[in-house]
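Subject: Structure handover

Hi,

Here is the structure I promised. Please open it alongside this note; the findings follow below.

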Amino acid sequence: MFAVIKAGGKQYKVKPDDVIMVNRLAANEGEIVTFEKVVLYNDGSKTQLGTPTLAGAVVAGRVIEQARGPKVIAFKKRRRKNSRRKRGHKQELSVVQITEILTGGKKPDLTAAKPVSKPKKSAKTSPDTSHGEEDMAKAKKTAKKKPAKKVAKKPAKKATRKTTKRKSTAKKGATKARKPAKRKAAKRSPAKRKSTRKTKKAK
């Protein structure tokens, strides 16, 4: 037995106990929802087609979770116009478990809604025990049972400084520095000298 329903502009082939994801429904987790747009119904021997839907056919389901789909990025660019736009979108979805398929004008039992039980956080990750009080108590118990072994401490070695002597670069015999030799002025010969004074002519 299966049926084809229409929800959110899409068609889904469903059977009892199937889990489908449809666009977000206005219902809380655990509530019973109905899909009245049944396009096709097959009971195992006969197939009924709707024009466009079947009269008196209803599919019921229970909302398990209100979730969101994967992120879709819409990027638009107009070349040579210095125009770009980037947008992200996550579609809001509802996870529904099909409970029953009804025909002949029967209505589902809306009182069969059950609260969805979510897994509880463990004591290690709960905010009340974030300070680690339980872990400290366990550590104290184990410390009483098994005393810590004493380890003899080794005497610390004194740090010794290594002194390095600088080698003297000066030689033993060279005690006094040499004085630079004076340059002797070159004497000009009398023949080459030219008199710069002007001689007075006798009147």
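Strands here are DSSP runs (E, at least two residues), numbered from the N terminus. Two of them pair if DSSP finds at least two bridges between them. This is a predicted model: local features need pLDDT of at least 70, side-chain atom pairs count only at pLDDT 80 or more, and totals for chains, interfaces and linings use all residues. Residues are numbered from 1 along each chain as its sequence is written, and side-chain values use heavy atoms, with hydrogens and water left out.

The sheet. Four strands form an open sheet in the order β3-β8-β7-β4, with antiparallel pairing. At the edges sit β3 (19–23) and β4 (32–35), each pairing on one side only. β4 joins β7 (residues 58–78) through four antiparallel bridges. F35 stands opposite V59 in β7.

The pocket. A pocket is an open set of points on a 1 Å grid over the protein atoms alone, with protein on both sides within 12 Å along at least five of seven lines; lining residues have an atom within 4 Å of a point. The lining of the largest pocket includes K6, V22, T34 and F35. β1 (2–7), β3 and β4 each give two or more residues to that lining.

One side chain. N42 lies in strand β5 (residues 38–42).

Best wishes

Notes: 1 Å grid on protein atoms, 1.4 Å probe; cavity = no way out; pocket = protein on both sides within 12 Å on 5 of 7 lines; lining within 4 Å.
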